[in-house]
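Please view the sequence and the model together.

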Amino acid sequence: MANKETLQTLNEIFAEEVEAAIRYLHLAVTIKGIDRITLQQTLLEGMNETMEHAQVVAEKLLEMGGVPSLDIRIQLAGEMSTGAEAIRTAVEFEQGALEAYRDLMVDAAGDVPMEEFARAQVALESEHLARFRLFLED
């Protein structure tokens with residue numbers, strides 16, 4: 001069984017991943033203008049990837065003797081956004097996910113399988129972040 005801090009961090013990551021998926025969906029449906037054509041599918045793919053991450057984290061929680069819990073409180077404005085605004089928002093929550101997995105690496109110090117899991121997630125989130133940052137370059 002994992003230590004209490006690791007289980008807590010995993011539950012926080014689980015909630016963050018589910019919240020990010022909801023945010024991706026919201027961004028995808030509220031993007032306006034020509035950006036809608038070029039970015040909507042990318043944002044929906046981000047939503048699907050993020051839900052896959054949430055599922056993996058939930059399974060990891062169960063493997064470690066915990067039970068996934070979900071405490072999210074999210075309010076999203078009923079406003080349209082440009083592509084650049086949507087991508088900047090996606091960068092924010094990808095950065096948050098990256099930091100959460102880095103925290104998990106610290107919490108899991110000495111638990112090699114958990115450290116490796118966290119390290120792999122750091123790599124994935126780093127790739128996502130880099131991909132979205134490319135959209136913002138001129």
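The model is predicted, with local features requiring pLDDT of at least 70 and side-chain atom pairs pLDDT 80 or more, while totals for chains, interfaces and linings use all residues. Residues are numbered from 1 along each chain as its sequence is written, and side-chain values use heavy atoms, without hydrogens and water.

**Nonpolar core**
- The largest nonpolar core has 35 residues, and Leu10, Leu43 and Leu104 have the most contacts inside it.
- Such a core is a set of buried Ala, Val, Leu, Ile, Met, Phe, Trp, Tyr and Cys residues joined through side-chain atoms within 4.5 Å.
- At least two residues of this core come from each of H1, helix H2 (35–63), H3 and helix H4 (112–135); helices are DSSP runs (H or I, at least four residues) numbered from the N terminus.
- H1 gives the most to this core, ten residues.
- Leu104 touches Thr6, Thr9, Leu10, Ile13, Met114, Phe117 and Ala118, not counting residues up to four places away in sequence; contact means heavy atoms within 4.5 Å.

**Lys60**
- Lys60, in helix H2, counts as buried because its relative accessibility is 16%, the limit being under 20% relative accessible area with a 1.4 Å probe and protein chains only.
- Not counting residues up to four places away in sequence, Lys60 touches Leu10, Met114 and Phe117.

**Largest pocket**
- Helix H1 (4–30) and helix H3 (83–107) each supply at least two residues of the lining of the largest pocket.
- H1 provides the largest share of this lining, four residues.

Terms used:
Buried < 20%, exposed > 50% of the residue type's maximum accessible area, 1.4 Å probe, protein only.
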